[in-house]
Amino acid sequence: MKAFSIYESFSTIAPILITIGIGYILGQFHMLSNRFVTEANRLNYVIGFPLLLFNSTVTADIRTLFDLRLVIYSISSIFIMAIIGYFLYGKFVSPDKQGALTTTTFRSDILLFAVYISGKLFGDKGVALAAMLTAFISPTVTTLSIFILSHLDQTHTKKLNLSQVLKDVAKNPFIIAVIIGIFYNWSALPYPSMIQEPLADIGAISIPLSLIAIGVQLDFKNIVADRKIVTLGVIARLVIVPIIFLAGAIVLGFTGMSLACLFAQYAAPATSSCFTFAEQMNSDAQLAGNIVVFSTVFSILTIFIGLVILTSMGVL
């Protein structure tokens with residue numbers, strides 16, 4: 001195990017920033033339009049991200065690495081973030097911005113960062129543990145996102161229809177993909193490479209496609225107009241959340257691989273799927289995208305600082 005260098009921290013973030021930059025340039029030269037953004041997000045929502053989640057769930061060694069204590073702490077922290085964020089943000093922003101702020105606070109890019117960080121520190125076992133934890137986090141944050149965004153969308157016209165929200169949750173492609181993946185994993189049925197490879201390839205395009213869409217949608221005029229709200233969202237995601245929940249994890253005795261996975265969950269920037277969900281569920285997609293972009297930019301610094309602190313403490 002070793003502490004991360006500045007270069008290694010930057011090399012994790014750089015491909016994401018470059019992809020967003022390419023999307024921004026293509027949008028500025030009118031090679032891609034808002035129609036592309038809508039269609040790309042729809043493709044990712046229905047096919048891309050579900051296949052990515054399905055493959056990561058099917059291939060994870062859930063039986064061997066399952067850690068109930070780790071899962072309980074991780075999931076509990078997500079509920080705490082969602083509840084506090086929902087009520088706190090609701091006091092001073094409109095419902096569409098409230099939804100975007102809340103989801104970007106509790107929904108981090110663990111798919112992108114957990115495998116890399118855990119793998120760098122602990123090799124294949126770290127990767128497998130991160131995949132196991134992701135299999136439980138994904139349906140949790142997806143369900144909460146749907147409940148929160150559906151509620152805030154419906155408050156403009158009618159009271160919350162709980163049965164409709166439950167139907168939305170049950171029909172959500174992300175949740176369906178993870179549930180099928182878990183059952184397939186537990187069944188021990190073969191997963192032939194002739195099927196796995198094309199599904200994995202399609203799932204792999206979801207993240208760059210979503211990042212390009214964020215770049216196309218990026219509007220610096222709106223960033224200036226919402227700079228205080230964007231700043232609040234970035235600070236909540238990259239500073240407040242890691243400090244509170246990593247401190248709690250250390251006090252409770254989490255170390256090594258388990259702490260590395262929790263660090264990836266809390267220190268990672270807001271996931272690009274926050275933008276996808278906001279676009280699909282009538283929230284402020286522009287705000288969500290801006291928080292994703294700037295939390296990604298500044299996570300270069302915060303992830304580096306976090307890794308240096310934790311390794312110097314001897315808990316990783």
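Ser145 touches Thr103, Phe106, Arg107, Ser150 and Phe277, leaving aside residues up to four places away in sequence; contact here means heavy atoms within 4.5 Å. Ser145 sits in helix H6, residues 110-154. Helices are DSSP runs of H or I with at least four residues, numbered from the N terminus. Ser145 has 0% relative accessibility and therefore counts as buried. Buried means under 20% relative accessible area, exposed over 50%, and partly exposed in between, with a 1.4 Å probe and protein chains only.

Before I go on, the conventions. This is a predicted model, in which local features need pLDDT of at least 70 and side-chain atom pairs count only at pLDDT 80 or more, while totals for chains, interfaces and linings use all residues. Residues are numbered from 1 along each chain as its sequence is written, and side-chain values use heavy atoms, with hydrogens and water left out.

Next, charges. How many salt bridges does a search of the whole structure find? The search gives 2, a salt bridge being a side-chain nitrogen of Lys or Arg within 4 Å of a carboxyl oxygen of Asp or Glu.

One of them joins Arg35 to Glu39, with the closest N and O atoms 3.1 Å apart. Both residues are in helix H2 (residues 34-59), and because they are 4 residues apart, about one helical turn separates them. Arg35 is exposed, at 63% relative accessible area, whereas Glu39 is partly exposed, at 44%.

Asp284 and Lys97 also form a salt bridge, at 2.8 Å from N to O. Asp284 is in the loop between helix H14 (273-280) and helix H15 (285-313), and Lys97 is in helix H5 (residues 95-106), so this pair ties together parts 187 residues apart in sequence. Are these two buried or exposed? Both Asp284 and Lys97 are buried.

On cysteines, the whole-structure search finds 0 disulfides, defined as cysteine sulfur atoms paired within 2.5 Å. Cys261 is buried at 1% relative accessibility, and Cys274 is buried at 2%.

Last, a helix pair. The axes of H13 (residues 256-267) and H15 come within 11 Å and cross at roughly 155°. That makes H13 roughly antiparallel to H15, the term for angles over 145 degrees. Axes are lines fitted to C-alpha atoms over the stretch in contact, and angles run from 0 to 180 degrees between N-to-C directions.

How values were computed
Helix = DSSP H or I, 4+ residues; strand = E, 2+ residues; numbered from the N terminus. Parallel < 35°, antiparallel > 145°, perpendicular 65-115°, else oblique.
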